[in-house]
Amino acid sequence: MSTSSPLPDLNDAADRSAIDASCRLPVLTFFATAILWLLIGTIFALLASVKLHNPQFVTELPPGVTWVLNQLYPAVPANIVDALNGSLTFGRVRPAHLNTVAYGWASTAAIGVGIWLMARLCRVQLRHPGFVTAAGVIWNLGVLLGTGAILFGESTGVEWLEYPPYATFLLFIAYAMISVWAVDMFVHRRPGHVYVSQWYIMAALFWFPWLYATANILIHHQEVQGSASAIINWWYGHNALGLWFTPIGLAAAYYFIPKVIGRPVHSYYLSAFGFWSLALFYSWNGGHHLIGGPLPAWVITASIVASVMMIIPVVVTAINHHMTMRGNFHVLEYSPTLRFVVFGAMSYTLASLQGSSMAIRSLNTVTHFTDYTIGHSHLGLYAFFTMIMFGSIYYIVPRLVGSEWRSATLIKIHFWSCAYGIVLMVLVLTVGGLMQGLMMRDASIGFDKIVENIAVYKVFRSVTGVLLTVGHVVFAFHFLLMILGMGRAVGGPTLFRHPAKP
Amino acid sequence: MNRLPTLFIGFFATFLTAWLGLVIIPYFQFGQLEPQVDPDTGDQFPPAPTGLALRGAQVYRASGCIYCHSQQIRPADLQDGHNRGWGARRTVPRDYLYEKPPQLGTMRTGPDLTNVGVRLNDAAWHHEHLYAPQSKAAWSIMAPYKYLYTVRKIEGQPSPKALKLQPPYAPAEGYEVVPTPDAEALVAYLLSLNRNYALPEAPVE
């Protein structure tokens with residue numbers, strides 16, 4: 001195997017477009033529902049964020065809605081107004097936000113990107129599109145039922161695993177269907193090189209059902225005792241990021257960066273080394289969420305060691321991506337896909353190195369229990385993963401619908417409002433979180449003073465959230481135009497500016 | 001690495017190590033703990049939760065309390081909570097043996113609740129606080145949990161359970177605010193939160 005094998009893609013444009021055409025229904029199903037959940041998740045995020053500096057914000061339905069519902073009695077039960085008012089409480093919208101963005105947006109987009117990449121990289125038309133689309137429908141039904149359950153008071157109260165069993169079961173079935181399909185695709189691939197993106201996708205599709213089943217069965221069905229259940233909870237919570245979102249995000253980065261700039265990945269060996277070291281270390285990280293918690297020291301220590309070891313796969317991958325990009329950074333000026341994906345890949349390096357530092361006990365004891373952690377998770381799931389998904393969708397959708405994105409300006413607005421929004425949000429949460437953590441250690445500062453001192457950061461966070469919202473609405477609108485066949489039918493791809501012009 | 005079996009053996013082996021290390025071994029090491037029994041009195045620590053408090057733990061979970069409140073006290077060297085009166089000692093695995101799942105939490109937007117039943121032991125205070133947190137602390141950013149309460153017209157005698165709220169949180173003239181069964185269960189659970197007893201592995205200093 002050569003150290004710089006070219007992307008194992010097809011030279012024949014006709015074959016490529018036949019593969020893209022075969023992906024059309026399932027991939028668009030996943031993308032459209034993902035973007036819908038992104039909008040819903042953004043609304044929950046704004047509600048939760050504003051409630052943290054203004055607790056009286058939208059505590060009940062608008063009077064008009066209540067009046068209409070009351071008129072519909074007895075067709076609508078009398079207690080429905082109370083139930084709906086309850087669903088607007090912080091304790092409900094906060095988990096609804098996490099679950100709609102993690103399972104509704106991020107996972108659904110990840111599956112969409114993953115199946116398209118599998119078809120392209122296996123170099124065969126997507127097999128059983130009806131089966132894959134059915135998995136998408138079941139998946140969305142699971143997210144809908146689970147989120148409804150949280151809003152109406154059936155949350156399990158386990159972070160990242162709030163959905164009750166009937167919803168998790170649907171998600172598991174849908175996920176397993178995609179995994180089985182991926183193996184089938186892999187077995188029927190055209191002979192030749194297996195690209196690094198395929199390892200990441202296959203691994204993620206293998207790990208996640210195991211992870212998800214273990215956590216749900218032991219926490220919700222076997223009801224393992226307290227502290228053992230807590231470590232399983234965070235082993236799951238961290239691996240959802242590390243062994244599901246990260247591999248799919250990296251698979252996309254490994255595909256789109258070389259693809260857009262038109263040169264192979266810098267080093268096959270760095271790719272392989274980065275992959276296997278990630279597989280080995282990431283899965284052990286979960287315990288760093290419980291530093292100082294009621295657990296034996298060895299569990300925590302093992303996780304701290306593995307978290308620090310994560311520097312290896314992260315730096316290796318960063319070097320590999322950087323060396324691939326070297327000499328081609330000017331392409332960022334005109335390719336939307338590349339700009340989103342490179343922004344994401346750089347954020348991956350930053351988020352991961354920050355994560356390793358946060359596992360160190362002395363820093364962790366300050367940042368734990370504060371907004372600093374929230375900033376870190378947004379750096380990971382948003383600045384890294386979500387931005388890469390945006391870039392991937394900008395590349396894939398025109399190939400599925402047969403027309404180009406309507407407007408470079410809309411993409412520009414999307415990029416800049418999200419880029420500024422997330423950078424500012426992470427900064428605000430990081431500084432606010434550090435202050436919160438440092439004040440918390442000083443018993444002479446009363447809890448009331450801490451709440452008052454960090455209030456301004458919570459206001460800033462809502463403002464940055466508005467920036468993200470603008471980006472999401474513009475993106476969803478642009479996507480809707482594409483789905484409705486209102487894309488640009490003629491001309492080359494939609495670029496920020498034409499590469500020929502200075 | 002072009003062959004499926006080779007890849008899958010690698011996927012399996014790497015993940016298996018963590019699965020054994022962070023799931024299976026912990027389950028056998030501290031997943032089957034027993035309560036500590038006082039040989040003289042026969043009292044058990046931690047005390048087994050009883051009916052109403054057990055139901056209240058479910059309300060606590062479903063209401064999302066965990067997103068702002070932790071229930072764990074870290075070791076003294078981390079300057080964690082001991083000096084704020086949140087707990088007399090660090091918490092250990094045995095403290096959570098009845099909790100399936102525990103509500104350890106990852107955020108302290110609000111104070112830690114490990115021992116809230118000790119420092120705030122008045123049920124009426126909790127009801128008023130849950131209904132209108134700012135009536136108890138003007139600086140509080142806690143969400144009002146109004147859906148746990150019913151505002152109703154007073155018919156005959158006012159209910160003895162009615163909340164004694166001051167304006168501007170009091171209901172309109174002729175109305176009263178009474179807790180739902182969920183609210184009563186939640187408050188019973190909060191009052192039951194006390195982990196200040198001594199355990200051999202975690203003495204109270």
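How many salt bridges does a search of the whole structure find over all chains? The search finds 15, a salt bridge being a side-chain nitrogen of Lys or Arg within 4 Å of a carboxyl oxygen of Asp or Glu.

1. Basis of the note. This is a predicted model, in which local features need pLDDT of at least 70 and side-chain atom pairs count only at pLDDT 80 or more, while totals for chains, interfaces and linings use all residues. Residues are numbered from 1 along each chain as its sequence is written, chains are lettered from A and ligands numbered from 1 in the order in which they are written, and side-chain values use heavy atoms, with hydrogens and water left out.

2. Extent of the interface. Chain A brings 94 residues to the contact and chain B brings 71, where contact means heavy atoms within 4.5 Å. About 7,200 Å² is buried between the two chains, and carbon and sulfur atoms give 67% of that area. Buried area is the accessible area (1.4 Å probe) that two parts lose on being put together, summed over both. Of the area that chain B buries against chain A, 12% is supplied by F15(B), L22(B) and Y67(B), more than by any other three residues.

3. Polar pairing across the interface. Between chain B and chain A there are 0 salt bridges, but 21 residue pairs are in polar contact, both residues at pLDDT 80 or more. A polar contact is a pair of N or O atoms within 3.5 Å; within protein, one must be able to donate a hydrogen and the other to accept it, and residues adjacent in sequence count only if both atoms are side-chain atoms. On the side of chain B that touches chain A, the elements giving two or more residues are α1 (4-30) and α2 (51-62) of chain B. The most comes from α1(B), with 20 residues. Helices (H or I, at least four residues) and strands (E, at least two) are DSSP runs, numbered from the N terminus.

4. Salt bridges within chain A. D15(A) pairs with R190(A), their closest N and O atoms being 3.0 Å apart. A network of salt bridges links D448(A), K449(A) and E452(A).

5. A salt bridge within chain B. D182(B) and R55(B) meet through their side chains (2.4 Å, N to O). Helix α6 (residues 181-192) of chain B contains D182(B) and helix α2 of chain B contains R55(B), so the pair ties together parts 127 residues apart in sequence. D182(B) is partly exposed at 28% relative accessible area, and R55(B) is partly exposed at 39%. Buried means under 20% relative accessible area, exposed over 50%, and partly exposed in between (1.4 Å probe, protein chains only).

6. A nonpolar surface patch. V308(A), I311(A), V315(A), I319(A), L353(A) and I360(A) make a nonpolar patch of about 410 Å². Helix α11 (residues 311-325) of chain A gives the most to this patch, with 3 residues. I319(A) is found in helix α11 of chain A and counts as partly exposed at 42% relative accessibility. Patches are made of residues with over 30% relative accessible area and no salt bridge: like charges are joined within 9 Å, nonpolar side chains (Val, Leu, Ile, Met, Phe, Trp, Tyr) within 5 Å. Accessible areas come from the Shrake-Rupley method with a 1.4 Å probe; for residues, only the protein chains shown count as cover.
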